[in-house]
Amino acid sequence: MKNIILIAAPAAGKGTQAKLIEEKYGLIHISTGDLLRSEVSSNSELGIELDKIMKKGQLVSDEIVEDLLRKKINSSNSNGFVLEGYPRNLNQASRLDVILNEINKKIDYVIYLDVPFEIALKRSSGRLQCKYCGKIYNLNDEKLRPLKNGICNNCGKEIYQRNDDNEESFKIRFNTYLENTKPLIDYYKSKGLLKEVDSSKDCYTVFSSIENIIGK
Ligand code: AP5
(Lines give C-alpha, C1' and ligand atoms only; values in the text may rest on other atoms or scores of the structure.)
Protein backbone atom coordinates (compact mmCIF):
# COMPACT_ATOMS: atom_id res chain seq x y z
CA MET A 1 0.00 0.00 0.00
CA LYS A 2 1.29 3.45 -0.96
CA ASN A 3 -0.12 6.89 -0.31
CA ILE A 4 1.30 9.54 -2.58
CA ILE A 5 0.82 13.29 -2.89
CA LEU A 6 1.67 15.24 -6.05
CA ILE A 7 2.51 18.91 -5.59
CA ALA A 8 3.04 21.26 -8.52
CA ALA A 9 2.11 24.50 -10.21
CA PRO A 10 -1.14 24.62 -12.20
CA ALA A 11 -0.97 22.64 -15.45
CA ALA A 12 2.38 21.08 -14.47
CA GLY A 13 0.98 17.60 -15.11
CA LYS A 14 -0.41 16.43 -11.73
CA GLY A 15 -3.65 15.01 -13.15
CA THR A 16 -1.85 13.36 -16.07
CA GLN A 17 0.72 11.64 -13.85
CA ALA A 18 -1.90 10.70 -11.23
CA LYS A 19 -3.88 8.83 -13.92
CA LEU A 20 -0.73 6.92 -15.01
CA ILE A 21 0.06 6.07 -11.36
CA GLU A 22 -3.55 4.96 -10.79
CA GLU A 23 -3.42 2.64 -13.83
CA LYS A 24 -0.04 1.09 -13.03
CA TYR A 25 -0.23 0.77 -9.25
CA GLY A 26 -3.99 0.44 -8.70
CA LEU A 27 -4.10 3.42 -6.37
CA ILE A 28 -7.24 5.51 -6.11
CA HIS A 29 -6.82 8.92 -7.79
CA ILE A 30 -8.11 11.79 -5.68
CA SER A 31 -8.18 15.24 -7.29
CA THR A 32 -9.77 18.04 -5.29
CA GLY A 33 -10.05 20.00 -8.57
CA ASP A 34 -12.14 17.15 -10.08
CA LEU A 35 -14.23 16.83 -6.89
CA LEU A 36 -15.00 20.55 -7.05
CA ARG A 37 -15.73 20.48 -10.80
CA SER A 38 -18.13 17.61 -10.23
CA GLU A 39 -19.96 19.71 -7.61
CA VAL A 40 -20.09 22.57 -10.18
CA SER A 41 -21.61 20.27 -12.84
CA SER A 42 -24.33 19.20 -10.40
CA ASN A 43 -25.60 22.80 -10.58
CA SER A 44 -26.24 22.81 -6.83
CA GLU A 45 -26.28 26.13 -4.96
CA LEU A 46 -22.80 25.32 -3.69
CA GLY A 47 -21.68 24.41 -7.23
CA ILE A 48 -22.77 27.81 -8.58
CA GLU A 49 -20.74 29.58 -5.87
CA LEU A 50 -17.71 27.36 -6.50
CA ASP A 51 -17.86 28.05 -10.23
CA LYS A 52 -17.47 31.81 -9.65
CA ILE A 53 -14.40 31.31 -7.43
CA MET A 54 -12.71 28.73 -9.66
CA LYS A 55 -13.28 30.72 -12.87
CA LYS A 56 -11.29 33.56 -11.32
CA GLY A 57 -8.45 31.19 -10.38
CA GLN A 58 -8.90 31.77 -6.64
CA LEU A 59 -8.79 29.13 -3.91
CA VAL A 60 -11.99 27.66 -2.49
CA SER A 61 -12.32 27.77 1.32
CA ASP A 62 -10.37 25.15 3.27
CA GLU A 63 -13.57 23.89 4.98
CA ILE A 64 -15.44 23.13 1.72
CA VAL A 65 -12.47 21.31 0.20
CA GLU A 66 -11.82 19.33 3.38
CA ASP A 67 -15.42 18.17 3.47
CA LEU A 68 -15.22 16.83 -0.13
CA LEU A 69 -11.82 15.27 0.52
CA ARG A 70 -12.95 13.45 3.67
CA LYS A 71 -15.83 11.75 1.82
CA LYS A 72 -13.52 10.56 -0.96
CA ILE A 73 -10.51 9.53 1.13
CA ASN A 74 -12.68 7.37 3.37
CA SER A 75 -13.66 5.37 0.31
CA SER A 76 -10.03 4.81 -0.80
CA ASN A 77 -9.11 1.14 -1.16
CA SER A 78 -6.37 -0.85 0.54
CA ASN A 79 -3.87 -0.16 -2.26
CA GLY A 80 -3.71 3.47 -1.16
CA PHE A 81 -4.20 6.76 -2.97
CA VAL A 82 -2.56 9.33 -5.19
CA LEU A 83 -3.75 12.75 -4.08
CA GLU A 84 -3.34 15.90 -6.17
CA GLY A 85 -4.59 19.45 -5.73
CA TYR A 86 -4.49 19.01 -1.95
CA PRO A 87 -2.92 20.25 0.25
CA ARG A 88 -2.75 23.71 -1.25
CA ASN A 89 -1.50 25.65 1.78
CA LEU A 90 0.08 24.99 5.18
CA ASN A 91 -3.27 24.87 6.97
CA GLN A 92 -4.51 22.15 4.58
CA ALA A 93 -1.25 20.24 5.11
CA SER A 94 -1.75 20.12 8.85
CA ARG A 95 -5.46 19.25 8.41
CA LEU A 96 -4.40 16.38 6.14
CA ASP A 97 -2.10 15.07 8.89
CA VAL A 98 -5.13 15.07 11.23
CA ILE A 99 -7.43 13.34 8.69
CA LEU A 100 -4.87 10.63 7.92
CA ASN A 101 -4.15 10.10 11.60
CA GLU A 102 -7.87 9.54 12.25
CA ILE A 103 -8.04 6.78 9.63
CA ASN A 104 -4.64 5.28 10.45
CA LYS A 105 -3.01 6.16 7.16
CA LYS A 106 0.28 7.87 6.41
CA ILE A 107 1.94 9.57 3.46
CA ASP A 108 4.74 7.59 1.79
CA TYR A 109 5.95 10.08 -0.81
CA VAL A 110 5.32 13.69 -1.71
CA ILE A 111 6.40 14.13 -5.33
CA TYR A 112 7.09 17.68 -6.47
CA LEU A 113 6.68 18.10 -10.24
CA ASP A 114 8.91 21.01 -11.15
CA VAL A 115 8.00 23.00 -14.26
CA PRO A 116 8.69 26.61 -15.31
CA PHE A 117 5.86 29.16 -15.73
CA GLU A 118 6.09 29.38 -19.57
CA ILE A 119 5.75 25.62 -20.08
CA ALA A 120 2.84 25.37 -17.63
CA LEU A 121 1.07 28.28 -19.36
CA LYS A 122 1.43 26.60 -22.76
CA ARG A 123 0.13 23.30 -21.36
CA SER A 124 -2.86 25.06 -19.85
CA SER A 125 -3.73 26.74 -23.15
CA GLY A 126 -3.79 23.39 -25.02
CA ARG A 127 -5.62 21.33 -22.41
CA LEU A 128 -8.90 19.53 -23.04
CA GLN A 129 -10.57 17.14 -20.61
CA CYS A 130 -13.32 14.55 -20.81
CA LYS A 131 -16.36 15.58 -18.75
CA TYR A 132 -17.25 11.98 -18.00
CA CYS A 133 -14.11 9.91 -17.38
CA GLY A 134 -11.73 12.83 -16.68
CA LYS A 135 -9.09 11.81 -19.26
CA ILE A 136 -6.79 14.74 -20.01
CA TYR A 137 -5.57 15.73 -23.50
CA ASN A 138 -3.33 18.41 -24.97
CA LEU A 139 -3.63 19.89 -28.44
CA ASN A 140 -0.03 21.15 -28.33
CA ASP A 141 1.51 17.69 -27.85
CA GLU A 142 1.05 15.02 -30.50
CA LYS A 143 1.28 12.18 -27.95
CA LEU A 144 -1.52 13.76 -25.92
CA ARG A 145 -3.99 14.72 -28.67
CA PRO A 146 -7.36 12.94 -28.91
CA LEU A 147 -7.59 10.53 -31.86
CA LYS A 148 -10.83 12.17 -33.01
CA ASN A 149 -11.45 15.90 -32.69
CA GLY A 150 -13.52 16.73 -29.61
CA ILE A 151 -14.10 13.06 -28.66
CA CYS A 152 -12.60 11.13 -25.73
CA ASN A 153 -10.46 8.11 -26.75
CA ASN A 154 -11.57 6.25 -23.61
CA CYS A 155 -15.32 6.66 -23.49
CA GLY A 156 -16.32 8.33 -26.77
CA LYS A 157 -17.90 11.26 -24.91
CA GLU A 158 -17.34 14.97 -25.47
CA ILE A 159 -14.13 16.66 -24.33
CA TYR A 160 -14.11 20.31 -23.30
CA GLN A 161 -11.88 23.22 -22.34
CA ARG A 162 -11.98 24.22 -18.65
CA ASN A 163 -13.26 27.74 -18.07
CA ASP A 164 -10.17 28.57 -15.93
CA ASP A 165 -7.80 27.67 -18.78
CA ASN A 166 -7.31 31.21 -20.01
CA GLU A 167 -4.19 33.33 -19.56
CA GLU A 168 -5.70 35.74 -17.03
CA SER A 169 -6.99 33.00 -14.72
CA PHE A 170 -3.81 30.97 -15.19
CA LYS A 171 -1.63 33.87 -13.98
CA ILE A 172 -3.76 34.22 -10.84
CA ARG A 173 -3.56 30.45 -10.23
CA PHE A 174 0.21 30.52 -10.71
CA ASN A 175 0.68 33.42 -8.27
CA THR A 176 -1.65 31.74 -5.77
CA TYR A 177 0.51 28.63 -6.12
CA LEU A 178 3.75 30.58 -5.48
CA GLU A 179 2.32 32.29 -2.43
CA ASN A 180 0.32 29.48 -0.81
CA THR A 181 1.42 26.10 -2.14
CA LYS A 182 5.16 26.39 -2.80
CA PRO A 183 5.94 26.67 0.95
CA LEU A 184 4.72 23.06 1.24
CA ILE A 185 7.92 21.94 -0.44
CA ASP A 186 9.93 22.91 2.65
CA TYR A 187 7.21 21.50 4.91
CA TYR A 188 7.49 18.04 3.37
CA LYS A 189 11.27 18.28 2.93
CA SER A 190 11.59 18.76 6.67
CA LYS A 191 9.52 15.59 7.18
CA GLY A 192 11.87 13.66 4.86
CA LEU A 193 9.04 12.86 2.40
CA LEU A 194 9.85 15.10 -0.57
CA LYS A 195 11.02 13.77 -3.95
CA GLU A 196 11.61 16.08 -6.90
CA VAL A 197 10.91 15.30 -10.57
CA ASP A 198 11.62 17.45 -13.65
CA SER A 199 8.15 17.77 -15.18
CA SER A 200 9.26 19.82 -18.18
CA LYS A 201 10.10 16.58 -20.03
CA ASP A 202 7.55 14.59 -22.08
CA CYS A 203 4.90 12.86 -20.01
CA TYR A 204 6.31 9.30 -20.28
CA THR A 205 9.82 10.45 -19.27
CA VAL A 206 8.26 12.17 -16.26
CA PHE A 207 6.33 8.99 -15.42
CA SER A 208 9.50 6.93 -15.65
CA SER A 209 11.14 9.21 -13.05
CA ILE A 210 8.11 8.67 -10.82
CA GLU A 211 8.36 4.90 -11.27
CA ASN A 212 11.98 5.13 -10.11
CA ILE A 213 10.73 6.68 -6.89
CA ILE A 214 7.74 4.41 -6.22
CA GLY A 215 9.38 1.25 -7.56
CA LYS A 216 8.97 -0.32 -11.03
P1 AP5 B 1 -7.03 21.97 -10.05
O2 AP5 B 1 -7.90 21.20 -10.93
O3 AP5 B 1 -6.24 21.28 -9.01
O4 AP5 B 1 -6.13 22.89 -10.97
P5 AP5 B 1 -4.58 23.25 -10.95
O6 AP5 B 1 -3.82 23.07 -9.70
O7 AP5 B 1 -4.57 24.60 -11.52
O8 AP5 B 1 -3.96 22.14 -11.76
P9 AP5 B 1 -4.40 21.74 -13.15
O10 AP5 B 1 -5.56 20.79 -13.08
O11 AP5 B 1 -4.54 22.99 -13.96
O12 AP5 B 1 -3.11 21.04 -13.74
P13 AP5 B 1 -2.38 19.66 -13.55
O14 AP5 B 1 -1.10 19.87 -12.83
O15 AP5 B 1 -3.31 18.60 -13.04
O16 AP5 B 1 -2.01 19.39 -15.07
P17 AP5 B 1 -2.61 18.35 -16.15
O18 AP5 B 1 -2.17 16.97 -15.84
O19 AP5 B 1 -4.05 18.62 -16.39
O20 AP5 B 1 -7.86 23.12 -9.30
C21 AP5 B 1 -8.75 23.95 -10.00
C22 AP5 B 1 -9.33 24.97 -9.04
O23 AP5 B 1 -10.06 24.29 -8.00
C24 AP5 B 1 -8.31 25.83 -8.28
O25 AP5 B 1 -7.90 26.96 -9.02
C26 AP5 B 1 -9.10 26.21 -7.04
O27 AP5 B 1 -10.05 27.21 -7.33
C28 AP5 B 1 -9.88 24.94 -6.74
N29 AP5 B 1 -9.17 24.01 -5.83
C30 AP5 B 1 -8.71 22.76 -6.14
N31 AP5 B 1 -8.13 22.19 -5.06
C32 AP5 B 1 -8.23 23.11 -4.06
C33 AP5 B 1 -7.78 23.12 -2.71
N34 AP5 B 1 -7.11 22.08 -2.17
N35 AP5 B 1 -8.04 24.21 -1.97
C36 AP5 B 1 -8.71 25.28 -2.49
N37 AP5 B 1 -9.14 25.34 -3.76
C38 AP5 B 1 -8.90 24.25 -4.54
O39 AP5 B 1 -1.75 18.83 -17.42
C40 AP5 B 1 -1.96 20.08 -17.98
C41 AP5 B 1 -1.92 19.95 -19.50
O42 AP5 B 1 -0.60 19.61 -19.90
C43 AP5 B 1 -2.81 18.83 -20.06
O44 AP5 B 1 -3.35 19.24 -21.28
C45 AP5 B 1 -1.85 17.63 -20.27
O46 AP5 B 1 -2.28 16.80 -21.33
C47 AP5 B 1 -0.56 18.35 -20.57
N48 AP5 B 1 0.62 17.67 -20.07
C49 AP5 B 1 0.75 17.04 -18.87
N50 AP5 B 1 2.00 16.56 -18.73
C51 AP5 B 1 2.67 16.93 -19.86
C52 AP5 B 1 4.00 16.72 -20.31
N53 AP5 B 1 4.91 16.11 -19.54
N54 AP5 B 1 4.37 17.24 -21.52
C55 AP5 B 1 3.46 17.92 -22.30
N56 AP5 B 1 2.17 18.13 -21.93
C57 AP5 B 1 1.79 17.64 -20.72
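A backbone N or O atom of K201 lies 2.9 Å from a nitrogen atom of the ligand, a polar contact in the sense of a pair of N or O atoms within 3.5 Å; within protein, one atom must be able to donate a hydrogen and the other to accept it, and residues adjacent in sequence count only if both atoms are side-chain atoms. The model is predicted: local features need pLDDT of at least 70 and side-chain atom pairs count only at pLDDT 80 or more, while totals for chains, interfaces and linings use all residues. Residues are numbered from 1 along each chain as its sequence is written, and side-chain values use heavy atoms, with hydrogens and water left out.

The side chain of R37 places an N or O atom 2.9 Å from a ligand oxygen, and a polar backbone atom of A12 is 3.2 Å from an oxygen atom of the ligand. The protein covers 97% of the 1,000 Å² of accessible area that the ligand has on its own; such areas come from the Shrake-Rupley method with a 1.4 Å probe, and for residues only the protein chains shown count as cover.

Around the ligand stand 34 residues, of which T16, Q58, R127, Y137 and R173 come nearest. A residue is near a molecule or strand if one of its heavy atoms lies within 4 Å of it. Two or more residues of this shell are given by each of α1 (14–25), α2 (32–41) and β6 (136–138), and α2 contributes the largest share, four residues. Helices (H or I, at least four residues) and strands (E, at least two) are DSSP runs, numbered from the N terminus. By class, the shell has 14 nonpolar, nine polar and 11 charged residues. Here Ala, Val, Leu, Ile, Met, Phe, Trp, Tyr, Cys and Pro count as nonpolar, Asp, Glu, Lys and Arg as charged, and the others, Gly among them, as polar.

Five strands, in the order β2-β3-β1-β4-β8, form an open sheet with parallel pairing; two strands pair if DSSP finds at least two bridges between them. Because β2 (28–31) and β8 (194–198) stand at the edges, each with a single partner strand, one side of each is left without a neighbour in the sheet. From one strand to the next, the twist averages 20°. Strand β2 runs parallel to β3 (residues 81–84), to which four bridges join it; S31 has E84 in β3 as its bridge partner.

A further open sheet consists of three strands in the order β6-β5-β7, with antiparallel pairing. Its edge strands, β6 and β7 (159–160), each pair on one side only. Two antiparallel bridges link β5 (residues 127–130) with β7, and Q129 is partnered by Y160 of β7.

Helices α5 (residues 90–102) and α8 (residues 183–190) have axes that come within 9 Å and cross at roughly 35°. Axes are lines fitted to C-alpha atoms, for helices over the stretch in contact, and angles run from 0 to 180 degrees between N-to-C directions. In this contact (heavy atoms within 4.5 Å), L90, A93, S94, L96 and D97 of α5 meet P183, L184, Y187 and Y188 of α8. The classes represented are seven nonpolar, one polar and one charged residues.

Most residues other than glycine have a negative phi, and most peptide bonds are trans. The bond from Y86 to P87 is cis, with omega near -5°, and P87 lies in the loop between β3 and α5. N43, in the loop between α2 and α3 (45–55), has a positive phi near 65°.
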